[in-house]
Structure formats: C-alpha cells, structure tokens
Amino acid sequence: QVQLVESGGGLVQAGGSLRLACAASGSFVSIGSMGWYRQLPGEQRELVAAITRGGSTNYADSVKGRFTVSRDNAKNTVDLQMNSLKAEDTAVYYCNADVGGYFSRRYYWGQGTQVTVSS
C-alpha cells in the first residue's frame, strides 16, 4: 500500500507565503509525475502544479510566477512553495503521485491540507 502524507497548510495573510510538503511511503517500484491539486467545496479538483521525474514542470495560469513545485526523487517527496498568496488561493490542497508497482500503475492522493489566505 502507498501513502501520501501532506504537511504545511495553515492560515496566512494575503501577500504571505506557505510551503506544502508531501512524502510518499509504502511499497512501490517507481514514482512518475507528482503534483498538487486544490479544491473548493462544491467544485472540481483543479491542477495547481505538476513535475515529472525529470524535473519538467507545469503550472496553472493563476499561480505562474508565484508558486514553485519541486521534488526529491531520492526521498520521494514533492513540495509546493507558495508566495504572494491571494484570497482566491484558499482551498484544500491535495498531493498527487503516479506510482508504479510490479504489475500496474495508478494515481494516489494525499488526505488534503487546508490553506486559508485572509485578505
């Protein structure tokens, strides 16, 4: 079984910064792309940022220039540095990873961490 454990959410004032961290643990062969999604109540989960094993990144337009995704392949971790936070960044943030076992691959999700930006 694979687990993704997130940390680093919280309450911050607009213009401030937060750093989210996610660590994968359990039994697996490899991890492909990793990333962060966010979700508001009643809305669909949306991609915030993703990073391939090789380091290529992809960001939602709304966070470009403010957020930075990074990963450590040796530690199976992915981080999201969030700067210049805005009230509209408030959401539950979920870590996501493409995890391969010996016979199959699937996406796993973390439990979610709340980020609240006060204006």
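**A walk through the model**

Analyst: Let's start with Tyr94. At 14% relative accessibility, Tyr94 counts as buried. Keep in mind that this is a predicted model.

User: Why does 14% count as buried for Tyr94?
Analyst: Buried means under 20% relative accessible area. Tyr94 has 14%, so it counts as buried.

User: How many aromatic pairs are there in the whole structure?
Analyst: A search of the whole structure gives 2. One of them joins Tyr37 and Trp109. Their ring centres lie 5.0 Å apart. The planes meet at 70 degrees, so this pair is edge-to-face.

User: Where do Tyr37 and Trp109 lie?
Analyst: Tyr37 is in strand β4, and Trp109 is in strand β10 (residues 105-109). The pair therefore ties together parts that are 72 residues apart in sequence.

User: Is Trp109 buried, exposed or partly exposed?
Analyst: Trp109 is partly exposed, with a relative accessible area of 39%. Tyr37 also counts as partly exposed, at 23%.

User: Which residues do the ring pairs link into a cluster?
Analyst: Tyr37, Tyr94 and Trp109.

User: What lies over the face of Tyr94?
Analyst: Arg45 does, at 3.7 Å from the ring centre. The charged end of Arg45 also sits over the ring of Trp109, 4.6 Å from the centre of that ring.

User: New topic. How many disulfides does the structure hold?
Analyst: It holds 1 disulfide. Cys22 and Cys95 form it, with their sulfur atoms 2.1 Å apart. Cys22 is in strand β3 (residues 18-26), and Cys95 is in strand β9 (residues 91-100).
Analyst: The torsion about the S-S bond is about -80 degrees, so the disulfide is left-handed.

User: Are Cys22 and Cys95 buried or exposed?
Analyst: Cys22 counts as buried, at 1% relative accessibility. Cys95 is buried as well, with a relative accessible area of 0%.

User: On to the core. How many residues has the largest nonpolar core?
Analyst: It has 30 residues. Those with the most contacts inside it are Trp36, Leu80, Met82 and Tyr93.

User: Which strands supply at least two residues of this core?
Analyst: Among them are β1 (2-7), β5 (46-51), β8 (77-82) and β11 (113-118). The largest share, 5 residues, comes from β9.

User: Why might nonpolar side chains be buried together?
Analyst: In soluble globular proteins, that is what they tend to do.

User: Where does Val69 lie?
Analyst: Val69 is in strand β7. Val69 is buried, with a relative accessible area of 5%.

User: What is Val69 in contact with, leaving aside its neighbours within four places in sequence?
Analyst: Its contacts include Trp36, Ala49, Ile51, Tyr59 and Leu80.

User: How far apart are Val69 and Gly8?
Analyst: They are 61 residues apart in sequence. In space they are 14 Å apart, C-alpha to C-alpha.

User: Next, Arg66. Where is Arg66 found?
Analyst: Arg66 is in the loop between β6 (57-59) and β7. At 10% relative accessibility, Arg66 counts as buried.

User: What joins the side chains of Arg66 and Asp89?
Analyst: A polar contact of 2.8 Å. Leaving aside neighbours within four places in sequence, Arg66 is also in contact with residues including Gln81, Met82, Ser84 and Lys86.

User: What is the phi of Ser84?
Analyst: Ser84 has a positive phi of about 50 degrees, although Ser84 is not a glycine. Most residues other than glycine have a negative phi. Ser84 is in the loop between β8 and β9. At 42% relative accessibility, Ser84 counts as partly exposed.

User: And the phi of Asn76?
Analyst: The phi of Asn76 is near 60 degrees, again a positive value in a residue other than glycine. Asn76 is in the loop between β7 and β8.

Definitions and conventions. Residues are numbered from 1 along each chain as its sequence is written. This is a predicted model: local features need pLDDT of at least 70, side-chain atom pairs count only at pLDDT 80 or more; totals for chains, interfaces and linings use all residues. Side-chain values use heavy atoms; hydrogens and water are left out. A disulfide is a pair of cysteine sulfur atoms within 2.5 Å. Helices (H or I, at least four residues) and strands (E, at least two) are DSSP runs, numbered from the N terminus. Buried means under 20% relative accessible area, exposed over 50%, partly exposed in between (1.4 Å probe, protein chains only). A nonpolar core is a set of buried Ala, Val, Leu, Ile, Met, Phe, Trp, Tyr and Cys residues joined through side-chain atoms within 4.5 Å. Rings of Phe, Tyr and Trp (its six-membered ring) pair if their centres lie within 6.5 Å; planes under 30 degrees apart count as stacked, over 60 as edge-to-face and the rest as tilted. A charge sits over a ring if NZ of Lys or CZ of Arg is within 6 Å of the ring centre and within 35 degrees of the ring normal. Contact means heavy atoms within 4.5 Å. A polar contact is a pair of N or O atoms within 3.5 Å; within protein, one must be able to donate a hydrogen and the other to accept it, and residues adjacent in sequence count only if both atoms are side-chain atoms.
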